[in-house]
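Hi there,

Here is the structure I promised to pass on to you. Have a look at it first, and then read my notes below.

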Amino acid sequence: MNAEKRRRIFAKFAAANPSPRTELEFGNPFQLLIAVLLSAQTTDRAVNAATRRFFPFVNTPADLVALGEESLAEHIRTIGLYRTKAKNAVATARLLVERHAGQVPCDRAALEALPGVGRKTANVVLNCAFGEPTMAVDTHVFRLSNRMRLAPGKTPIEVEQKLLRQTPAEYLRDAHHWLILHGRYVCTARAPRCAECVVFDECEDSGRHARRKAGRRSRGESDVQSVA
Ligand code: SF4
């Protein structure tokens, strides 16, 4: 995909959604870190349902240490891997108290040294809490980057590095939000909704024309409109 087409894609995402945000609910960087840590292999909706049970009285790492692993596990038992996540979240909170004066560090190495915090979690925290132009590659970003030919790669890190190199600077901070939301609601894994896609004309997926035609037929629209 050439640079101009890539720029048009992000310009279209920006026009459709000028201020994209994570769908995780949080009130401060610490709550964001915990929400992202809990979100592995589960949906943001499930995480929000769980965090609403304890975020009202857990605002700081010290609060979470005081709550303790067993109590946290009870609050989050509706999400997958809740015991491991409770253990990591409390251990992370304890390290924040002991090593970082109860603050979330704006530093990749320090973040990735925390229990349960990997590269993707660090990228989300650096971006959403501190405004850093990082690229968190989750399952949606990985799929879209390959499907659209935006930044094809065999591994998340390969896709991340391509996106960081090739995304126009003015779109870098918001790019991963647009890709996640597009993957979650439009370019889904099993049934991409090409007929409703704002970047249809720029996408290089070979099946998009057939899917746009099928989508319009199912809505009773004329096939003539489906010629891009
Ligand atoms: S045209 Fe279809 S395959 Fe391409 S980005 Fe849009 S929804 Fe995804």
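Let me start with how residues are sorted: Ala, Val, Leu, Ile, Met, Phe, Trp, Tyr, Cys and Pro count as nonpolar, Asp, Glu, Lys and Arg as charged, and the others, Gly among them, as polar. In the shell around the ligand, that gives 9 nonpolar residues, 5 charged ones and no polar ones. These 14 residues surround the ligand, and the closest are Cys187, Cys194, Cys197, Cys203 and Arg208. Near here means that the C-beta atom of a residue, placed from the backbone, lies within 6 Å of the molecule.

Two notes before you go on. This is a predicted model, where local features need pLDDT of at least 70 and side-chain atom pairs count only at pLDDT 80 or more, while totals for chains, interfaces and linings use all residues. Residues are numbered from 1 along each chain as its sequence is written.

Now the overall picture. The chain has 12 helices and 0 strands; both are DSSP runs numbered from the N terminus, with helices (H or I) of at least four residues and strands (E) of at least two. Its C-alpha atoms fill a box of roughly 65 × 35 × 30 Å along the principal axes. An automatic or database assignment sets the domain bounds, and the chain is divided into domain 1 (29-130) and domain 2 (191-228). The centres of the two domains, taken over C-alpha atoms, are 40 Å apart.

What about the inside? A nonpolar core is a set of buried Ala, Val, Leu, Ile, Met, Phe, Trp, Tyr and Cys residues joined through C-beta atoms within 7 Å. The largest one has 55 residues, of which Leu33, Leu38, Ala89 and Val125 touch the most other members. Helix 2 (residues 29-38) supplies the largest share of this core, 8 residues.

Finally, which backbone angle is worth a look at leucine 81? Phi there is near 55°, a positive value in a residue other than glycine. Most residues other than glycine have a negative phi. Leucine 81 sits in the loop between helix 5 (69-75) and helix 6 (82-99), and it counts as partly exposed because it has 15 C-beta neighbours inside 10 Å.

Enjoy exploring!

Notes:
Buried ≥ 20, exposed ≤ 12 C-beta atoms within 10 Å, placed from the backbone.
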